[in-house]
Amino acid sequence: MDIKKIILSTIVSSILTVSSITAVQATYNSSEGQAVSDETVTVYSSRKEHLIKPLFEAFTKDTGIKVEYLTGKGGALIERLKLEGDNTQADMFMTVDAGNLWYAGSQDLFQSVQTETIKSNIPAHLRDPKGLWTGLSVRARTIVYSTDRVKEQDLSTYANLATDQWKDRLCLRTSKKVYSKSLVASMIYNQGEDKTGDIISGWVNNLSATPNAKDSHVMNSILAGQCDVGIVNTYYFGRLIAKNPHSPLKLFWANQDTTGVHVNVSGAGVTKHASNKEGAVQLLEWLSSAKAQVIYGSLNKEYPANQKVASDDVVSAWGSFKQDEMNLSQAGLLQARAVRLMQIKGYR
Ligand code: FE
């Protein structure tokens, strides 16, 4: 590593929220017939520790393979992987949103992994077509509304929120967030740029306030009476309802007669320079398995990516829905167009 790389690497390390690698040392017992190994898989993750640690512990228990992990902001971890190049310790990178996974793939940070196990566990639209990354949990981005001020029969599609009946009644999250970019990318994919541009103009026209920084703020604004409808990821609704079960808010499944609800994933890929590729593939396959998917989904009130696995009770209570089956690599491929369109139409 030359001196410039070392200095840059130090800068990147200092902006990571956790800069030391944490090892999960789950105990395992060879007398119970479980494999014992000195192997370690190292994961860089933008998912928070409490969402990944229980999974890694269960994996170690099952396989004897230790998992070391480093958590931080997704963007900083991607920069770190780029700087470290073939010196990286990371065998796997985990993050949220297909837009981010696609970006890591476009920066040549992943290698292709397309095993029969992964193909049979995870549907094709939730995986990169070239096998660079695999979705491991599903979040739906759909409509949330005030049960006090909105009738369910007035809701239908994302596009419907652009019509006059929602004037000064809509709250949206900022266009700067990747979740907004991916939703708009899916609309461009399904309906073309012109139609999507018209919808965005209508949304902007209907906003009751400047776009919110967070999905939780969108829901709080509805509860405060500032607006009546919004668009959020389902697990944020789950968190709010867990705290205040009687909140007068409900989810509505958008586009059920058309393209289906826009879904996105959290996921992972095996790094291009993995020193333990075999262990990383084993971890990826294990994470896609029914056993892991039950844990993975319930930890953050998400949907299992493995469609053979049932959702947790809280999540199931929100009802079933048809999901948009656009391949999620499109969220990356169309991201630049989505960003430009939102800019042109004044969605801030
Ligand atoms: Fe989120």
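In which sense do β2 and strand β3 pair, and over how many bridges? This is a predicted model, where local features need pLDDT of at least 70, side-chain atom pairs count only at pLDDT 80 or more, and totals for chains, interfaces and linings use all residues. Residues are numbered from 1 along each chain as its sequence is written, and side-chain values use heavy atoms, leaving out hydrogens and water.

Back to the strands: β2 and β3 (residues 66-71) run parallel and share six bridges. (Strands here are DSSP runs of E with at least two residues, helices are runs of H or I with at least four, and both are numbered from the N terminus; two strands pair if DSSP finds at least two bridges between them.) Tyrosine 44 sits opposite leucine 70 of β3. β2 also pairs in parallel with strand β4 (residues 92-96), this time through three bridges, and valine 43 has methionine 92 of β4 as its bridge partner. As for cover, five of the six residues of β2 (residues 40-45) are buried, meaning under 20% relative accessible area with a 1.4 Å probe and protein chains only (over 50% is exposed, in between is partly exposed).

Then there's the iron ion. Its protein donors are the OH atoms of Tyr179, Tyr235 and Tyr236, at 2.0 to 2.1 Å; donors are N, O and S atoms within 2.8 Å of the metal (3.2 Å for Na, K and Ca), and with water not among the atoms, sites may look incomplete. Tyrosine 179 belongs to helix α6 (residues 178-206) and tyrosine 235 to helix α8 (residues 234-243), so the pair links parts 56 residues apart in sequence. Tyrosine 179 is buried at 5% relative accessibility, and tyrosine 235 is buried at 2%.
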